[in-house]
Amino acid sequence: MKAAILVESLTGNTWRAAEKTAELLSQERWTITGLSKVREPDLGSIQEADLVLIGTWVHGAFVFGQAPWAVNSISNLPALSGKKAAAFCTFALSPGSSLDRLTRAVGDTGAYVIGGLAMSRSKLDQHSEEFAERLVDALAQA
């Protein structure tokens, strides 16, 4: 399996989650075709990939008004028709409905979204492992 990863990160947490997930997928014999910013996507890595992972951070008030950052940038991505995709977001206190909004935005690119995960910044290692396991399982059954 080949995966491209697109990330928007403010403090580095989302980028670390992407790197950890990439490392875990590589251990499962996946090829990571590229790790780039959502706003500066590596188009070659997306084209080469079977799966595109898109991650961002959650902004907003502490317990209300949360939203995934860079949703508008995701809508500017090239069409992902025919690609499988998964979304992830990192948050401090609560993601609210950010993952649902992010998943919808990724689906609006034409990708077939197979799932996603909201990752607490205090549990990045644990949540990256869970995300990688879910991806491996989902695509092994496909």
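**Terms and values in this model**

Author: H127 lies in helix α5, where helices (H or I, at least four residues) and strands (E, at least two) are DSSP runs numbered from the N terminus. This is a predicted model, in which local features need pLDDT of at least 70 and side-chain atom pairs count only at pLDDT 80 or more, while totals for chains, interfaces and linings use all residues. Residues are numbered from 1 along each chain as its sequence is written, and side-chain values use heavy atoms, with hydrogens and water left out.

Reader: What makes H127 count as buried or exposed?

Author: Buried means under 20% relative accessible area, exposed over 50%, and partly exposed in between (1.4 Å probe, protein chains only). The value for H127 is 12%, so H127 counts as buried.

Reader: Which backbone nitrogen does the side chain of H127 reach, and at what distance?

Author: The side chain of H127 reaches the backbone nitrogen of S120 at 2.9 Å. A polar contact is a pair of N or O atoms within 3.5 Å; within protein, one must be able to donate a hydrogen and the other to accept it, and residues adjacent in sequence count only if both atoms are side-chain atoms.

Reader: Why is the pair of R134 and E130 called a salt bridge?

Author: The term requires a side-chain nitrogen of Lys or Arg within 4 Å of a carboxyl oxygen of Asp or Glu, and the closest N and O atoms of R134 and E130 are 2.6 Å apart, so the pair qualifies. R134 and E130 are four residues apart in helix α5, which means that about one helical turn separates them. At 41%, R134 is partly exposed, as is E130 at 28%.

Reader: How many salt bridges does the structure hold, and what does K2 pair with?

Author: The structure holds three salt bridges, and in one of them K2 pairs with E48, with 3.8 Å between the closest N and O atoms. K2 belongs to strand β1 (residues 2-7) and E48 to helix α2 (residues 43-48), so that this pair links distant parts of the chain, 46 residues apart.

Reader: What forms a salt bridge with R39, and where do the two residues lie?

Author: R39 pairs with E8, the closest N and O atoms being 4.0 Å apart. R39 is in the loop between β2 and α2 and E8 in the loop between β1 and α1, so the pair ties together parts 31 residues apart in sequence.

Reader: What is noted about the phi of R29 and of A70?

Author: Most residues other than glycine have a negative phi. R29, in the loop between α1 (13-27) and β2 (31-37), has a positive phi of about 70 degrees although it is not a glycine. A70, in the loop between β4 (67-68) and α3 (71-75), likewise has a positive phi, near 75 degrees. R29 counts as exposed at 76%, and A70 counts as buried at 8%.
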